[in-house]
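I opened my notebook to look up how two chains sit against each other. Here is what I went through, entry by entry.

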Protein chains: 2
Amino acid sequence: MHKARVLAGTLRNSHVGETVTLKGWVQKRRDLGGLIFIDVRDRSGIVQIVFNPEVSTEALQIAERVRSEYVLEVTGKVVERDPSTVNPKMETGEIEVVVDEITILNKAKNPPFQIQDETDVAEDLRLKYRYLDLRREPMQKTFKLRHQTSQVMRNFLNEEEFLDMETPMLTKSTPEGARDYLVPSRVHEGHFYALPQSPQLFKQLLMVSGFEKYYQFARCFRDEDLRADRQPEFTQIDIETSFMTSDEIMAMTERMMKRVMKEVKGIDIEIPLARMPYDEAMERFGSDKPDSRFGMELVTVSEAVKDSGFKVFSSAVESGGKVSAINVKGKASQFSRKDIDQLTDFVKIYGAKGLAWLKAEGDELKGPISKFLSEKEVEELRNLLDISDGDLILLVADKTNVVFDSLGALRLKLGKELQLIDESTFNFLWVTEWPLFEYDEEAGRYSAAHHPFTMPASEDMDKLDTNPGEVKAQAYDLVLNGYELGGGSLRIYQKEIQHKMFEVLGFSQEEAQSQFGFLLEALEYGAPPHGGIALGFDRLIMLLAGRTNLRDTILFPKTASAACLLTEAPGTVSESQLDELSLKLQVKEQV
Amino acid sequence: MHKARVLAGTLRNSHVGETVTLKGWVQKRRDLGGLIFIDVRDRSGIVQIVFNPEVSTEALQIAERVRSEYVLEVTGKVVERDPSTVNPKMETGEIEVVVDEITILNKAKNPPFQIQDETDVAEDLRLKYRYLDLRREPMQKTFKLRHQTSQVMRNFLNEEEFLDMETPMLTKSTPEGARDYLVPSRVHEGHFYALPQSPQLFKQLLMVSGFEKYYQFARCFRDEDLRADRQPEFTQIDIETSFMTSDEIMAMTERMMKRVMKEVKGIDIEIPLARMPYDEAMERFGSDKPDSRFGMELVTVSEAVKDSGFKVFSSAVESGGKVSAINVKGKASQFSRKDIDQLTDFVKIYGAKGLAWLKAEGDELKGPISKFLSEKEVEELRNLLDISDGDLILLVADKTNVVFDSLGALRLKLGKELQLIDESTFNFLWVTEWPLFEYDEEAGRYSAAHHPFTMPASEDMDKLDTNPGEVKAQAYDLVLNGYELGGGSLRIYQKEIQHKMFEVLGFSQEEAQSQFGFLLEALEYGAPPHGGIALGFDRLIMLLAGRTNLRDTILFPKTASAACLLTEAPGTVSESQLDELSLKLQVKEQV
C-alpha cells in the first residue's frame, strides 16, 4: 500500500502522537541496549527513528540488516524524546519516530567516503562519485541557494517586463574572442557549428527585432585552458535592453542585486553602488576588479623618488614606468628579511624585477634603500603613505602594468594573510570608463578590450582614427569582493561606427563581411540604441555561498583538463560516427 | 537630454494634455493636407503621432525624411482625436501625439518585406531577415506567450518545491537513441563530447544524490533528419522526482497543465485527465497519440468479415493481420470514385495495399466488394460501424501495424478536410501501459520503446526472460490534440533489473559497463525509487499559440537541412582550428 509521506526534517513536537511514513536515506545507525536508532535523511533534513522489540520484533530484525545510505520506507508513531536524550543541535531533536513497519527500498554498498558536512576527501574522488558528494549537506544547501537566487533574479526581471528568450546553441564560429567549441555538421560536409561563447550577437539581433527587454540564463562555452575559477561551460545571466542609457542599465542591475542580497542573504546593500573609473582602480588597487573590503591601497610615489640616488627608481620613471608602494600598517616587526625575500619571489611571478622595502622605526625609515633617500624624499614618502612607527613599506619600480600587477597581487596576498578582510561583507563596485582597445604588442595591433560591438565614448569618436589607444568605452563591470561578477556596455548600433571599429581591429572589408555580415546588415534596418550586461551566475553563487571553488557551485563540473570524472566524458566514438561527419582523426600523440 | 520614455501602446484618453516622449519604429507614414501622420510602434503597441507646421516646422521637415522602420525619439503633447478620425480598431485610437521635437535615432533601408501581421513571404526570406520577421505582431505575441508559459510552469514547480538545476551540455556520447551531435576535445586528442539528447542520466543521478525534486528547461540536441515538427535543438521541461508513484507524477503534471491553460489561455480544463492504454489507442485511433477532438474511430471488423469471399480480408486475418474500418458519416455522396482513388493512393504511403469501400444507400451497402459480403456479414458491419443511409465506409485489411498506420492517418486527413475538428478545444489525454520493447525486425533484436531506463510493470518482471515483447512499461505519454506533448516513466532503480534490461537489449556486459557503468554503479549506492516526465516546450507553445509550424515558436530556428539562414551556420573553419582538434576533413562530395 502506498502511504502519504512526511518529510523527515519537518517533524516537531506538534506531531507527537501522529503516525507518519518517512522515506529517505540512512545517515547513521546505532545499536543501544537492544534498541536500534537510525538517523533518516531526506531533502528536508534528518530525524531519528527507533526500533523497539516491544513495538515490532519484525521491524527490528529488518533494521539489523540496514547499513549507511540504505533507502528506507518506515511507518511509525512520533513520540517525545526522553528529556535526557533531547538533541538541541537537531531541529527535530525533541522527538523521534518509533517504527512498526519498515521496508528496505534499496540497499547501498559502503560508500567510498562518508556523507558528512566536512570532508577532506580528494576532489577527484568526490567528482567520480559526484552523486554521493552531492548528498552532503553543504552541497545540498549550495544548490538550493542557486535555485533560490535564480528565482529571485527571474522574478525581478519578469516584474521589470523583461522576456525570457532562448537563443541557439548551434551557431557560427567567429575567430574573435576565446577559442570556440566546434560541432561538425553531418548534412553540410566540412562545415561546423560553434557553441556560443555568449549570446552577444543574438541578443543584439533581438533588440533589432524590437523586443526591447531580453534576458536569459544562458549556457556559454569557451575552449580555454582552465583555471580554478573557469569551466568550459558556464552560465551567465544575460540581459539586453533597447533605449536605455548606461546609467539606467546600471541602476536596474543594482536593484536586482539589492533584491538578491536581501532575499538570499538577508543583507541590505546601499544603492546606488560606488563607481570607480578604470584608471583609478588600477592606480589605487593595481586591479581592474578591486577588492575594496580593505585598504592598504597602492600609492604612486614616482614624483617623490624619481631623483633619488636609487637607480632602480629613477630609471623606471625615466623610461615611462612608475614607482608605487603599499603601507603594511604596523606590521614591520612581523616581517623578517626572509619573509620579505619570499614576498620578493612572489612579485617576480608578476614580472617585477624586485621588491624594495622600508621599515619605520620612530622617525626613521630603515632598510637597504634608505641610504639613497634624502630627508626631503623621506618626508614626502611619509606624507604620501601616511607612515608611522612600525609600518612596513613595500615598493615596486617597473613598467606601469608590471607595477600594477605585482603590487595589486601582493596587496591581495597580504590582505588575506594578515586577515584584513571582513569575510562577512559584500562590497559591490562598478568599474567604468574602460579603454575600448588593448594594444597587442605581439600581434602589433589593437584588439577589443571587451568585444568589438562595444560603443566608444561619444567624446572619443574622433580618436578612433587618430589615437585608438585613448578611446574610452561605454562599458561597465560589476565587481564583488575582488571578483568580476560581470560586465556590460552600450553597443554600436550605427553601421558606420561598427565598420570603423572592425577597421581599427584590423579586419579587412571581406573578413568583416564574412563573419559579421548579418549584423552589419541588421544595423541598416532600423537598429535601436541598445546595451546590456551579463553576470557570471556560477561565480555569483560561489560568492553568495561563501565558497572558493567554482566547481562546488556546478552540479557536474569538469576538471582542469575539461574532463568529467563521473561519466568519463569526453570519450571515444566509433569510426562510423566520424565517417558520417566526413572526419578523420589525426592524432599527434597518445593521451 | 535624456527624457523619461512612455510606451506607445499604453497611451489613452486619460493622458490627454500630457507631454510625453516616445521611442520606437515607424510602422507607416502618411502625408495629408500639409500634415504628416506616423504610426509609431514599440514593444507595447502602436500610437499615431502628428507633425503640424503650426506646432513645429522644424519637426515637420525632419519628419519628411522619415521612412518605414526608422527609429525615432519624439516628444509631444497627447491630444484627443477629432471624433471623425477616432480609430476604434486601435487601442490608442482615441488620441494622438502632436510632436514638437523629433530625433531620428537610426535610419532603415526599405525592408525586403513589409512588417505586417499577415505575410505570404517565402519562409526562407523570413528566416534570412529573422530580425525583421520577429518584428511582426504575431511573432511578438508568440514569444510573449512563450515567456509567460515558462513563468507559469516555473512558478508552479517552485511552489511544489522543485529545484531548478542545470546539467551539463558537454557530455558523453551514447549510441542508444538518436544520433548525437559530437564536440571534439582539444585537450583529449581523439576524444569527443556529445551534446545531450536529454538530461536523462543526469537527472537520474540527481535523484541518487537525494535532491528528490528536479526541473530544468533543458536544451536538447538530436542530429536527425528534420521534419516540419523537428529541430536539431529543442527545449524540454524536464522533471524528475524521487519516491513518487506514476499516479502522483501524472497528477502533478495535470495540475501544472491546468494552471498553464488557465493562466495563459483562460481555459479551464478538467482534471484528472482521461487515460487510455496504448493498445486501446491503437485499436480506436490507429495512433499512439490520438487526436480525440473528433470521432470517426477505427473499428475492428476482422471477425465479421474473415470468412467473406473477399480474399483480401480473409487472408489478412488468416496471416495474423486484421481488418479495420472507419465510418465517414453521411459523406458517401461527397466522394466520387476518383476521390476514393486518391484516398487509396494516400493509404499506400503507409504501406497499405489498397482501400476497400462501401456506400450505404438505404438499407444496402454498395461498392465493388459488396458482392462478397453475405447478408449476415453486412448486418454485422452495420452494427459494428453504426451505419446509416449516406455513410461512406473505408476498410483496410493488412498486417496490424499497417492497418493502424494507414487508417489512423486517413482518419486524421479526413477529419481535417471535412472540418470535423473544433480547433478551439484542447484535448489532453494520457496514453499508458506502453510496451517496454519494440522488436526491430531488421536488426533481429529488441530495442527500448522509450529508453533503456524505463521500469517494467511489476507484474511483467518474469516475462523479461521469457517474452519481452509482452512486457509493459511503467510509462505514460501526455497527448494534446493529436500531438505527443511529452512522456515519462518510472525508472529502474535496482541494478539487477537494469542489467537484465541491457541483456534483453543485446548489450554485452562490457558494452553496458563502458557506456553506462557510472549509472550501474550509482544504483549500488542507495538509489531511491524515482521517475519523471519531459514535455516538449516548443511544441506546447506551438499548440498554445495556435501555430502549425514549430519554427514559428523558436527565435532563430534551423531549416530542414539544419542550417541558419541568418548567420549562415554551419560555416567553414580554419585549418588551424581543425589541427588543434587533431582532425582532418574527408569530404566525400562538394556541398
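This is a predicted model: local features need pLDDT of at least 70, side-chain atom pairs count only at pLDDT 80 or more; totals for chains, interfaces and linings use all residues.

**Salt bridges.** With that cut-off, I found 18 salt bridges between chain A and chain B. I picked out one pair to look at: the side chains of E166(A) and R219(B) meet in a salt bridge, with 3.6 Å from N to O.

**Polar contacts.** Next I looked up the polar contacts, and the count between chain A and chain B came to 64 residue pairs, both residues at pLDDT 80 or more. Which helix gives the most to the side of chain A that touches chain B? I noted helix α4 of chain A, residues 137-159, with ten residues. I then sorted that side of chain A by residue class and got 59 nonpolar, 30 polar and 36 charged.

**Extent.** I saw 125 residues of chain A in contact with 125 residues of chain B. The area buried between the two chains is about 11300 Å², and carbon and sulfur atoms give 57% of that.

I found strand β23 of chain A (residues 583-585) pairing with strand β23 of chain B (residues 583-585), antiparallel, over three bridges. Within this pairing, I traced L583(A) to its bridge partner, L585(B).

**Symmetry.** I laid chain A on chain B with an RMSD of 0.1 Å, using a turn of 180° and a shift of 0.0 Å along the axis. That is the relation of a two-fold axis. I also noted that 100% of the interface residues of chain A are interface residues in chain B too, so the copies meet through the same surface.

How values were computed
Residues are numbered from 1 along each chain as its sequence is written. Chains are lettered from A and ligands numbered from 1 in the order in which they are written. Side-chain values use heavy atoms; hydrogens and water are left out. Copies are superposed by least squares on the C-alpha atoms of residues with pLDDT of at least 70 in both. Contact means heavy atoms within 4.5 Å. Buried area is the accessible area (1.4 Å probe) that two parts lose on being put together, summed over both. A salt bridge is a side-chain nitrogen of Lys or Arg within 4 Å of a carboxyl oxygen of Asp or Glu. A polar contact is a pair of N or O atoms within 3.5 Å; within protein, one must be able to donate a hydrogen and the other to accept it, and residues adjacent in sequence count only if both atoms are side-chain atoms. Helices (H or I, at least four residues) and strands (E, at least two) are DSSP runs, numbered from the N terminus. Ala, Val, Leu, Ile, Met, Phe, Trp, Tyr, Cys and Pro count as nonpolar, Asp, Glu, Lys and Arg as charged, and the others, Gly among them, as polar. Two strands pair if DSSP finds at least two bridges between them.
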